[in-house]
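Hi everyone, thanks for making time this morning.

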Amino acid sequence: MSEQQAEGLAKICWTDPQSGDYRELVLAEGATITIGRGPDNQIAIPERHVSRQHAVVSYRDGIFMISDLGSANGTFVNDKRLTDPFPLAHGDVIRLYVPVLTFSALVTEAEREQAKMTGTLVVPAGAGGQPTLHITSGPQEGAEIRLLTPTLKIGRATRNATWDVSLQDRAVSRPHAQIDLQPGGEWAITDLGSANGTTVNGVPVSANEPHPLADGTVITLGETTLLFRLGSP
């Protein structure tokens, strides 16, 4: 979907804690954004209570959902701390311990046009980009893993590990899960019969059955949280 074709469905508004400036992003259908302290987030909030990658908002089944990314201080919606992905509705207040953002489902035509002109319209990731796993919490927080081959096997770091990605997490099995590029061009994750299981967007997946991955999918292996992102082509 091109920026010219995209229609804004929602917006997120906040005040920059350093400058005090009011900011907003307009989200098109299918868009995914991350919120965190790091400058690589679409919403970067340089505040000490905010984790490097704190939360993700993604579009699933016709609604925008917000998920915590294993942050140190938690993500709250309307002052309730999230334990699972949460569907956002107009007027919801998102709080990252201290910073506050507002979700709006009302976007005017003028706001859409302004967002297109200023580069604050977020559109879905296109096909053909470089997929990446971002470790958002756990012993290797901050690491990025690029999916350069059609198959990526993940397991606990051991002296004789033969898998592609070794996690320094004692709750991860040897090996634990595998990510594959499917014949149709989509990516999927399969739990390999791990002891502690694999969850996708907060839901445990069945062992040895591929589970599809979309941009913004949150994966938990042991005590490690990973965010799957589709890069721009």
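Let me start with pLDDT, which is the predictor's confidence in each residue, on a scale from 0 to 100. What we have here is a predicted model, where local features need pLDDT of at least 70 and side-chain atom pairs count only at pLDDT 80 or more, while totals for chains, interfaces and linings use all residues. Residues are numbered from 1 along each chain as its sequence is written, and side-chain values use heavy atoms, with hydrogens and water left out.

So how confident is the predictor? The chain has a mean pLDDT of 94, with 95% of its residues at 70 or more. Residues 1–5 stay under 50, and for them the model has eight contacts beyond four places in sequence; a contact means heavy atoms within 4.5 Å. Where pLDDT is low, the predicted coordinates should not be read in detail.

Now the strands. Strands here are DSSP runs of E, at least two residues long, and helices are runs of H or I, at least four, both numbered from the N terminus. Two strands pair if DSSP finds at least two bridges between them. Strand β1, residues 8–15, runs antiparallel to β2, residues 22–28, and seven bridges join them. Ala10 stands opposite Leu27 of β2. The hairpin has six residues between its strands, and there Gly20 takes a positive phi near 80°. β2 also pairs with β12, residues 121–122, in the parallel sense over two bridges. There, Val26 has Leu121 as its bridge partner.

On to charges. How many salt bridges does a search of the whole structure find? The search gives six, counting a side-chain nitrogen of Lys or Arg within 4 Å of a carboxyl oxygen of Asp or Glu.

Asp16 and Arg23 form one, with the closest N and O atoms 3.4 Å apart. For accessibility, buried means under 20% relative accessible area, exposed over 50%, and partly exposed in between, using a 1.4 Å probe and protein chains only. Asp16 is buried at 11%, whereas Arg23 is partly exposed at 35%.

Next, Arg95 pairs with Asp79, at 3.2 Å between the closest N and O atoms. Arg95 lies in β10 and Asp79 in the loop between β7 and β8, so this pair ties together parts that are 16 residues apart in sequence. Asp79 is exposed, at 59%.

Finally, Lys116 meets Glu113 at 3.7 Å, N to O. These two are three residues apart in helix α1, residues 109–118, which means about one helical turn separates them. Glu113 is partly exposed, at 36%.
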